[in-house]
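This report concerns the structure shown below. It should be read alongside the sequence.

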Amino acid sequence: MAGSQGETPADRTVWHYTTAAGFLNIIRTSTLWATSAAFMNDAQEMRATSRAYNATFENIRGSLSAEERKSARKLGIMRSPDPFQTFLVSACKEPDLLTLWRGYGGEQVAYAIGLDRNVPLSPVEQVDGDTHPNEPPNYRNDEWDEVDGEPVHVYDPDQVFVFGSSWFDVDYISANGGNSHETTLRRTIRDHSTAEAFKRVMMETVWGGAAEKDEGFSDEREVRMALELQPSWKFVKYRESRFGVVPYIELGSAQPSCEYVSRGIPAENRRLPILNVTVGPNPWPGEAAKAARQILDDCGYGAASLTSSSVPFR
């Protein structure tokens, strides 16, 4: 994705806040983690949009005909997507935000890693090969269908597909919806039967849930990346958390920029597009900055600039 004319480094930078352990892992491995949306801190993750559309529908249903109400109930934007299948990585528009320092700092120093949002990221392949190395029972049952009594190959569970690679700003919305939801809902009810409208509805269904969050999180000023992919055996890893076992993927930089990435990238991924690092508030700013500078230099990120937080938080 080419930068806009006159765009400055600050304009194209998004800030990924993380713990000290997260910072070390990112710099050492040149990867970011994108976690299944089902395990985010937001209990309504991926559901705020459909909730807003349903509330909007109830508000305007009196102005709709019986046929329009019937059509509305069939629309994908009225249904909540499955957050389990979407992987999210979050960043922020600001490099020195107290809300996030509090969330990630705890009793340790936190870090904000400034990434070039114009450089796409793609999942790192974890397993080689083109077929599931440990096929579970009935793995290929859905691969075939029957047409006129003959088996037809309709789906390959091992086909590699990755959708999404770019950062986008999060919009914060009311649970009751807003003018934009009413406009979209009325437009989609009106012309959802056309091919172009169907394509638009599919895009709004897939990404609407990722692009909008409850307004209660607005102080986070979030920018995020959302990816859907298959097969899981090739890309997905697992870690422990307070939610139990959590699926996640590793992301590395990928070129050239593209909206649809047909395959992931091999483990020997390119270096992440790190432009800056901000060291969070701490009692030893000089020493903390010196240590961060050294590991950046040692791991090949010597061109990244380094600053310390100006927030007097302790």
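## Basis of the report

The structure is a predicted model.

## Helix H1

Helix H1 spans residues 20-29, and its buried residues are Ala20, Gly22, Phe23, Ile26 and Ile27. Around the helix axis they cover an arc of only 160 degrees, which puts them on the same side of H1. Ala21 and Arg28, by contrast, are exposed on the other side of H1.

## Helix H4

Helix H4 comprises residues 98-105, with Leu100, Trp101 and Gly105 buried. Viewed down the axis of H4, the buried residues fall within an arc of 115 degrees, so they line one face of the helix. Arg102 and Gly103 are exposed on the other side of H4.

## Negative surface patch

A patch of negative charge on the surface is formed by Asp145, Glu146, Asp148 and Glu150. Within this group, Asp148 lies in the loop that runs between strand S6 (144-147) and strand S7 (150-153). Asp148 has a relative accessible area of 76% and is therefore exposed, the cut-off for this class being over 50%.

Ala10 and Asp116 are 106 residues apart along the chain, and their C-alpha atoms are separated by 9.1 Å.

Definitions and conventions: Residues numbered from 1 in each chain as written. Predicted model: local features only at pLDDT ≥ 70, side-chain atom pairs only at ≥ 80, totals over all residues. Heavy atoms only, no water. Patch = residues over 30% accessible without salt bridge, like charges linked within 9 Å, V, L, I, M, F, W, Y side chains within 5 Å. Areas by Shrake-Rupley, 256 points an atom, 1.4 Å probe, with all protein chains shown as cover. Salt bridge = Lys/Arg side-chain N within 4 Å of Asp/Glu carboxyl O. Lys, Arg positive; Asp, Glu negative; His and termini not counted. Charge placed at Lys NZ, Arg CZ, Asp CG, Glu CD. Helix = DSSP H or I, 4+ residues; strand = E, 2+ residues; numbered from the N terminus. Buried < 20%, exposed > 50% of the residue type's maximum accessible area, 1.4 Å probe, protein only. Arc of directions from axis to C-beta.
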